[in-house]
Amino acid sequence: MTDETLSNLLHENRRFAPPPELAAHANVTADAYAEAAADPEGFWERAAERLTWERRWDRVLDWDQPPFAKWFLGGTLNAAYNCVDRHVENGLGDRVALHWVGEPADDTRDLTYADLKDEVSRAANTLLALGVGDGDRVAIYLPMIPEAVVAMLACARIGAIHTVVFGGFSAEALASRIEDCEAKLVITADGGYRRGAPSSLKPAVDDAVEIAARAGHEVPHVLVVRRTGQDVAWHERDVWWHETVDTASATHTPQAFDAEHPLFVMYTSGTTGRPKGILHTTGGYLTQASWTHWAVFDLKADTDVYWCSADIGWITGHSYIVYGPLANGVTQVMYEGTPDFPERGRWWQIIAEKKVSIFYTAPTAIRSFMKQGREIPDRSDLSSIRLLGSVGEPINPEAYVWYRDVIGGGKVPVVDTWWQTETGAILISPLPGVTSGKPGSAMTALPGIGADVVDDAGTPVPNGSGGYLVLTRPWPSMLRTIWGDDERYVDTYWSRFKEQGYYFAGDGAKKDEDGDIWLLGRVDDVMNVSGHRLSTTEIESALVSHPKVAEAAVVGASDETTGQAVVAYVILREEAGDGGPEVVQELSAHVRTQIGPIAKPRQIMIVPELPKTRSGKIMRRLLRDVAEQRAVGDVTTLADSAIMELIAAGKAQST
Ligand code: 6R9
């Protein structure tokens, strides 16, 4: 990428210094950067000491055969013991681990760390009785209920490898994951609650197990939690959770496993082709998930109440609901439902009621709240909040400032955390007691992490320029491979900058004049308009900075004259009405003044919704299909597949 390419980005001069009180007591100070730079392995070794190991490692990092890393060689530990038992042994058994909030009003459950230890032990004994053991794979297809956490930890406790599949995925998607990792057990529920009504899960599992059987893979058992009480078909392979786990012994002695013992496989979609089973192992993953959770959120486990709104079927749920927070022994909120049920203020009511102090969510959620207006959160007392986090997509400066002002009372740090399923834990983020945050920037690599922005040839770009985000050093929670496909692992992540030995993240990024990093979206989201490279994020942020716009998605559609042309899909804020040709003109002019004439959209479409994956990422691929007047491609990973029909039927306004 050349300099002019992404040079327009964001005339953003706002800075938010850490609150002095927070900085004075921060878990991590500026010294950490220098310490880690001087000795990254020593730095991670100290982070690993925050965990309880049965046997200490002999060597921190084995990078003798890149890109296949081994961390904490010779060390042994049990992840579930670290997340549960050790807190009970340390006298914290009565501390609430999960304030679980069901979607139906008044359906709540509190589990202490002692409760969790009993539940996980019972579930571990049940899995063993079902013939699941060390190294076996278990697929988990559950709603956001405590049993999902228990099931994951029960696997970890006995050395079984879990693969959590988001409850909204289809039977086919579930089947392909079951087949790919040859799961020996599926853990599911009769159903879950979604917007006030029970929605079934078990029929999809029944279908998936049959699809897998036809492909030659038999699943011996399905363990079923009764959540909604709805009728389910029953097969010989099925067993009820309440008839097995609830009656099992609560005594189970965890065994220590090798630091490199596989902990889980998380499937993530590539740009094309089959989903990739990203493999994470035990010691390095738990070290970095727990250290980053403590450092980036400045966690005070004795007093904080933490809430991450992600689903457990997403990597964020793994690292920042299950492994990081529980390894750190904090009290957290876990919520089953959608943000707006039974009313739009549901999240804010939960924050007020549980006195949540640290809240972690995604830009897509923030933008949809912006759209509804601040009156809704303003009705709840959000004064308990002392830190906010964002993950999943670049956060537009306007969304950042709204989040900080409206949810954070204009005074709390916002940490914009960049990472991936593959990275296992946060790699680029402000440190809340150190960094003066810039709205829209994930700022700098955390201590112990090597990140850079390079050009096509792999040479670091100067400040003020854009290119590709790379990771220059191995890190403890890095993926170890793609399940069953080492070659695809090497090709996907390590071949683009082979010579330099860099990990290719697939994201475009820019270093600003201070050297701080701005993420610009996936590389395939970079457009080329008349030879100028433009990032979708940049134009989306310009649109979102207009007072009438709630959310925007931009794609590059092929264009006979310019190569690609900018096509924008815009959701208006409620007070802006339905829009009309004047609004479209106004938005077009706004982009022109914010970025320049080159970025002016060829077409702006006002739409009621945008197509998103379940983890909140906009599926620009589908919007590109509409923009290029093609039949819309595969919609199976959409959270709501009806949205594409709405968009196709929506008012298309050309500029
Ligand atoms: C954790 C997670 C990874 C991709 C990543 C990037 C985007 C995540 C971001 C961000 C800008 C951030 N992404 N966090 N982009 N700023 N703070 O989201 O994992 O589902 O694997 O997605 O998400 O494009 O490459 P995953």
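Modeller: Helix H11 (315–327) and strand S25 (517–522) each supply at least two residues of the shell around the ligand. Keep in mind that this is a predicted model. Of the 17 residues around the ligand, Asp416, Thr417, Thr421, Asp507 and Arg522 come nearest. By class, the shell has 7 nonpolar, 5 polar and 5 charged residues.

A polar side-chain atom of Asp416 lies 2.7 Å from a nitrogen atom of the ligand. The side chain of Trp314 has an N or O atom 2.9 Å from an oxygen atom of the ligand. Glu393 takes part through its backbone: a polar atom there is 3.4 Å from a nitrogen atom of the ligand. On its own, the ligand has 530 Å² of accessible area, and the protein covers 94% of that.

Next, follow strand S25 into its sheet. This is an open sheet of 4 strands, in the order S21-S22-S24-S25. The pairing is antiparallel. Strand S21 (451–454) and S25 stand at the edges, each with a single partner strand, so one side of each is left without a neighbour in the sheet. From one strand to the next, the twist averages 45 degrees. The partner of S25 is strand S24 (residues 503–511), joined to S25 by 4 bridges. The two run antiparallel. As an example of the pairing, Ala509 has Leu519 in S25 as its bridge partner.

What holds such strands side by side? Strands of a sheet pair through backbone hydrogen bonds, either parallel or antiparallel. In a regular strand the side chains alternate between the two faces of the sheet.

Look inside the order for a parallel pair: strand S18 (residues 358–361) and strand S19 (residues 387–390) are joined by 4 bridges. Phe359 has Leu388 in S19 as its bridge partner.

Strand S1 (residues 59–65) and strand S2 (residues 68–73) run antiparallel, with 4 bridges between them. A hairpin of 2 residues joins S1 to S2. Arg59 has Leu73 in S2 as its bridge partner.

Last, the record. An unreviewed UniProt entry lists Arg194, Arg195, Gly196, Ala197, Thr316, Ser530 and Arg592 under "binding site". These positions are spread over 399 residues of sequence, and also in space, up to 50.2 Å between C-alpha atoms. One of them, Gly196, lies in the loop between strand S9 (191–194) and strand S10 (197–200). The unreviewed entry also carries the annotation "domain: AMP-binding enzyme C-terminal" for residues 538–617. In the model, that span is 26% helix and 31% strand. Its end C-alpha atoms lie 16 Å apart.

Terms used
Residues are numbered from 1 along each chain as its sequence is written. This is a predicted model: local features need pLDDT of at least 70, side-chain atom pairs count only at pLDDT 80 or more; totals for chains, interfaces and linings use all residues. Side-chain values use heavy atoms; hydrogens and water are left out. UniProt positions are given in the numbering used here, feature names are shortened, and annotations may be inferred rather than shown by experiment. A residue is near a molecule or strand if one of its heavy atoms lies within 4 Å of it. A polar contact is a pair of N or O atoms within 3.5 Å; within protein, one must be able to donate a hydrogen and the other to accept it, and residues adjacent in sequence count only if both atoms are side-chain atoms. Accessible areas come from the Shrake-Rupley method with a 1.4 Å probe; for residues, only the protein chains shown count as cover. Ala, Val, Leu, Ile, Met, Phe, Trp, Tyr, Cys and Pro count as nonpolar, Asp, Glu, Lys and Arg as charged, and the others, Gly among them, as polar. Two strands pair if DSSP finds at least two bridges between them. Axes are lines fitted to C-alpha atoms, for helices over the stretch in contact, and angles run from 0 to 180 degrees between N-to-C directions.
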